[in-house]
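Here are my notes on this entry, as numbered points. Please read them with the coordinates open.

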Amino acid sequence: MLRRLLRYAERRYHVTQALTTLTDTRVGPVYSTVTVAKAALVGLLARSGSLHSLAETRQHSVWRSIIKQALPSDDTMGEVFAKLQVDGLRAIQYRLYERVRKSKAFHPLWPGGAAVLDGHEINASYRRKCPGMLQRTITSTNKKGETVERIQYYHAYVYLLLLGVEGPFLLDIERILPDEGEGAAARRLLARVCARYPRAFKLVLGDSLYANTPWITFVLKLGKHVLAVLDDERRDVTKDVRALCTIIPPRTQTLHGGNLVRECWDIAQLTSMPGLSHPIRVIRTIETTRVRRQLDDKLETTVSEWMWVCTLSREELDTETAIALGHKRWVIENEE
C-alpha cells in the first residue's frame with residue numbers, strides 16, 4: 001500500500017522532482033537532502049512516531065527501492081532538518097497549493113476563502129535548548145513541599161491554515177522569535193502569505209489576541225477581513241454589545257434534533273473600537289447543548305457563550321456561516 005501511495009504521489013505531484021529543490025547548509029554530506037526528505041515523507045505517511053522509531057527500520061529492504069540506499073540514521077536526519085533552508089519548503093508548499101487548486105481537489109469551506117491563524121508550541125524541555133529558543137520560568141512544588149523555579153525552553157510557531165470541506169490545508173508557518181509576541185510573527189506570516197497567495201482567502205480567523213484595532217487595521221490594509229473571538233469584558237465594544245443585547249431580542253434556533261438551542265444576536269455598524277475607522281459587527285451566541293454521556297447514559301446540559309468581532313457585513317457573510325467559521329478557529333488544536 002505504501003509503494004502504491006508513493007507511486008501515485010510521484011505521478012500526480014512529482015514528489016521527487018519537487019524535493020530536489022531542497023537544500024541545507026551541511027558541508028560534504030554523505031546523504032543528499034532529497035534522500036533525507038523523501039525518507040521523512042515516508043515516515044510521515046507510515047505514521048512513524050519519531051526519527052528514532054523510523055531509524056529502527058533502516059535495515060528493511062523497502063528503503064533500497066524507495067531511496068535507492070540504506071536509510072540515514074536518526075542523528076543524520078535530525079542534522080538535516082536543523083540546517084534545512086525553509087525557502088525551499090515554502091516553494092514546495094506553494095506548488096502543491098497551485099496543483100490542488102487547479103485540479104479542483106480543494107473545496108473551500110466558505111466561497112470567499114477563510115484561513116485560520118493561531119500560535120502553537122511544538123516542544124518543550126528543561127534540559128535541552130538551541131539558539132533562538134523561547135524560555136519561561138515554571139514554578140512547581142517538589143516532593144519536600146518546597147517551591148522550585150525552573151527555566152523551560154520551547155519552540156512556538158504561528159500557523160496559517162486554509163479551511164476546506166475535507167479538512168485544513170497548511171499554507172505557511174512562522175517562528176516566534178525571542179523577545180517578541182505571537183502578534184509580531186503573525187504580521188510577518190500574513191504579509192508573506194498575502195503576497196504569495198493573493199486570492200487564496202478573504203477572511204482571517206483568530207482568537208482574542210487578534211481582536212484589536214492595530215491588527216484589524218493591518219489586515220484591512222492587506223485587502224482581507226477579520227473574524228476574531230471577543231472575550232475581554234473590560235473593552236468598550238463588549239460593554240456596548242451586552243447593553244444592546246438587553247434591549248434587542250435574540251433569534252433562537254433549535255439545531256441537531258433539539259440537542260442544541262442557540263440564541264443569537266448580530267449587531268452591525270458598531271464604532272466602539274478606538275482608532276478603528278472601519279465599522280464592525282459583533283455576533284454573540286448563547287448555546288445550550290444536551291449531551292448523553294456514554295459512561296452512565298445520563299443527559300448533561302452545558303451552556304456556553306461566544307462572541308466574535310467581524311469586519312464583513314451580513315450581506316457578505318451571513319450570521320450562520322460566521323458562527324460556523326468562528327467555531328472552526330479551533331481546527332489547529334483539534335486536528336494537530
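1. Start with Thr 213. Leaving aside neighbours within four places in sequence, Thr 213 is in contact with Met 273, Pro 274, Gly 275 and Leu 276. Thr 213 belongs to helix α9, residues 213-221. Its relative accessible area is 14%. The cut-off for buried is under 20%, so Thr 213 counts as buried. Keep in mind that this is a predicted model.

2. Trp 215 deserves a look next. Not counting residues up to four places away in sequence, Trp 215 touches Leu 117, Gly 183, Ala 186, Arg 187, Leu 190, Tyr 210 and Val 226. Trp 215 is also one of the residues that touch the most other members of the largest nonpolar core.

3. How many residues are in the largest nonpolar core? The number is 46. Leu 117, Leu 160, Leu 171, Leu 190, Phe 201 and Trp 215 touch the most other members. Helix α8 (residues 182-196) supplies the largest share of this core, six residues. As background, nonpolar side chains tend to be buried together in soluble globular proteins.

4. Is Val 282 buried or exposed? Val 282 is buried, at 0% relative accessible area. This residue sits in strand β9, residues 280-292. Setting aside neighbours within four places in sequence, Val 282 has contacts with Leu 230, Val 237, Val 241, Trp 265, Asp 266, Ile 267, Leu 270, Met 307, Trp 308 and Val 309.

5. Now the charged pairs. The count of salt bridges comes to 21. Lys 202 and Glu 316 form one of them, at 3.9 Å from N to O. Lys 202 lies in the loop between α8 and β5 (203-206), and Glu 316 in the loop between β10 (299-310) and α11 (319-327), so the pair ties together parts that are 114 residues apart in sequence. Lys 202 is partly exposed at 31% relative accessible area. Glu 316 is partly exposed at 37%.

6. Which residues pair with Glu 305 in salt bridges? Arg 242 is a partner, with the closest N and O atoms 2.8 Å apart. Glu 305 lies in strand β10 and Arg 242 in helix α10 (residues 236-245), so this pair ties together parts 63 residues apart in sequence. Glu 305 is partly exposed at 38% relative accessibility, and Arg 242 is partly exposed at 24%. Arg 284 is a partner too, with the closest N and O atoms 2.7 Å apart. That pair links strand β9, which holds Arg 284, to strand β10, which holds Glu 305, across 21 residues. Arg 284 is buried, at 11% relative accessible area.

7. Helix α1 covers residues 2-13 and has 12 residues. From first C-alpha to last, α1 reaches 16 Å, close to the 16 Å expected. His 14 follows α1 and has a positive phi, near 50 degrees. Leu 5, Tyr 8 and Leu 45 form a nonpolar surface patch, with about 250 Å² of accessible area together. Leu 45 is in helix α3, residues 33-45, and is partly exposed at 38% relative accessibility.

How values were computed. Residues numbered from 1 in each chain as written. Predicted model: local features only at pLDDT ≥ 70, side-chain atom pairs only at ≥ 80, totals over all residues. Heavy atoms only, no water. Helix = DSSP H or I, 4+ residues; strand = E, 2+ residues; numbered from the N terminus. Expected span 1.5 Å × (residues − 1). Patch = residues over 30% accessible without salt bridge, like charges linked within 9 Å, V, L, I, M, F, W, Y side chains within 5 Å. Areas by Shrake-Rupley, 256 points an atom, 1.4 Å probe, with all protein chains shown as cover. Salt bridge = Lys/Arg side-chain N within 4 Å of Asp/Glu carboxyl O. Buried < 20%, exposed > 50% of the residue type's maximum accessible area, 1.4 Å probe, protein only. Core = buried A, V, L, I, M, F, W, Y, C linked by side-chain atoms within 4.5 Å. Contact = heavy atoms within 4.5 Å.
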